Amino acid sequence: MSTELDHRLAGLDVYRVGGAVRDALLGWPVTDVDWVVVGATPEAMRQRGFKPVGRDFPVFLHPDSHEEFALARTERKSGHGYTGFEIHASPSVTLEEDLARRDLTINAMAETPSGELVDPFGGRADLEARVLRHVSPAFIEDPLRVLRVARFLARYAGLGFVIAEETLTLMRRLVTSGEIAHLVAERVWTETEKALGEPWPDVYFQTLDDRGALAVLMPELVADTAQLDEALGRLQRLPEDIDSHEAAFWRWARLVEHLVPEQRRHLSERLRLPKAVSRLADQAAHTHRLVHETGMVDGKRVMAWLEGIDAWRRSERVPSLIALVSLDDASLAEDLALAWRLATQILPKSLVDEGYKGRALGEELARRRRAAIDGVMETGR
Ligand SMILES: Nc1ccn([C@@H]2O[C@H](COP(=O)(O)OP(=O)(O)OP(=O)(O)O)[C@@H](O)[C@H]2O)c(=O)n1
């Protein structure tokens, strides 16, 4: 957007803020641009054609670029969790006051439309030193920040970022005070889903575990630390054919695939996971069991696996799940692919043509599929 020519901004005191400033300085792709407006009223914004969107905050969307313009505000803690805040937005709130309420110094920089940096908390120096550091003691007013810091580390760990010691102490305090337990499930999952899409998702979970936060938020994961380590190692090992927008869901599935059904159910309920995520996790868990349980993989186990992943009704995921198997056992994956192909060639319609119907049709279909699968699993292995 060419800000200088934008008549809606003429005479407004506006600054680019937050992630856009940070990522531009870092050479990281900038996805969306947020702005702060100083000295304006909601009425003035509406008159200029900005569309109000904030339910809790005075935030407006630019009618053409759809970028977010927020009136400068301060926040004060007034209750537990993420929602317990008193917001104070008025034309008297300064840019520095707005930046001071933010979580990390690298997120508390602003830039004028002509490119001049406003950096009252040393964000640029911390960016250069690769340090995630809180802006002020008010960091502990928002327990979501423990997850945010872990997520930023999951994004930038490869650039050499670390968390400042004093910030680690505050994160720990948010856990020991019990404040982190007040986070609502949806917030926890939203941050976790974003973290699962970052380049180093294992770092997110490791950071939360190191601070004691994982034991509070996802206790099922820390029940067995050796297994957690193994699961974290699996996060980068995904089937090749999956869509990139599905990668976060797959990573979650890989994280929990070793858990017993009851643990997975508890975790799904605790985090109120979307159904699609829990279903994929269940499918990955069935696949994990097929690969890792001791004993021969015979036709009976393959049938049980196909039923477990709901293959006959939801066949679209089967190739990806077979690709998952191939990461651990290429020859088993080859057999499964052949068995699946032969089994799906047995069509209910041809059985109908042969005169089968009703219950007998279902039984004959299952029998022939099983025979096809047995043929592969017995000769192939
Ligand atoms: N709990 C929070 C949430 C947000 N912020 C501030 O609000 C800005 C915008 O938040 P958000 O859009 O969630 O994050 P970004 O920093 O833009 O990061 P991303 O690249 O993930 O969008 C952050 O930079 C940070 O200054 C904060 O201080 N504390």
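Sorted by class, the shell around the ligand holds two nonpolar, three polar and six charged residues. Keep in mind that this is a predicted model. Which residues are around the ligand? They are G18, G19, D34, R102, D103, N107, A108, D142, L144, R145 and R148. Helix α5, residues 144–156, supplies three residues, the largest share of this shell.

Now place the ligand in the chain. The protein chain is divided into domain 1 (1–120) and domain 2 (130–217). Why does the ligand lie between domain 1 and domain 2? Both domains give residues to the shell around the ligand, so it lies between them.

Look next at how the two domains meet. Their centres, taken over C-alpha atoms, are separated by 23 Å. Domain 1 puts 12 residues into the contact, and domain 2 puts in 19 residues. On the side of domain 1 that touches domain 2, five residues are nonpolar, three are polar and four are charged.

Turn to the sheet. Strands of a sheet pair through backbone hydrogen bonds, either parallel or antiparallel.

Take the pairs one at a time. Strands β4 (residues 59–61) and β5 (residues 68–71) run antiparallel and are joined by three bridges. Here V59 stands opposite A70 of β5.

Do β2 and β5 pair in the parallel or the antiparallel sense? They pair in the parallel sense, over four bridges. D34 stands opposite E68 in β5. D34 is also one of the residues around the ligand. On to β1 and β2, which pair in the antiparallel sense over five bridges. R16 has W35 as its bridge partner in β2. In a regular strand the side chains alternate between the two faces of the sheet.

Finally, step back to the whole chain. How many helices and strands does the protein chain have? There are 19 helices and 11 strands. Along its principal axes, the C-alpha trace spans about 80 × 45 × 35 Å. The radius of gyration of the protein chain is 26 Å. For a compact globule of 381 residues, that value would be near 21 Å.

Definitions and conventions: Residues are numbered from 1 along each chain as its sequence is written. This is a predicted model: local features need pLDDT of at least 70, side-chain atom pairs count only at pLDDT 80 or more; totals for chains, interfaces and linings use all residues. A residue is near a molecule or strand if its C-beta atom, placed from the backbone, lies within 6 Å of it. Helices (H or I, at least four residues) and strands (E, at least two) are DSSP runs, numbered from the N terminus. Ala, Val, Leu, Ile, Met, Phe, Trp, Tyr, Cys and Pro count as nonpolar, Asp, Glu, Lys and Arg as charged, and the others, Gly among them, as polar. Domain bounds come from an automatic or database domain assignment. Two residues are in contact if their C-beta atoms, placed from the backbone, lie within 7 Å. Two strands pair if DSSP finds at least two bridges between them. The radius of gyration is taken over C-alpha atoms; the globule rule is 2.2 Å times the number of residues to the power 0.38.
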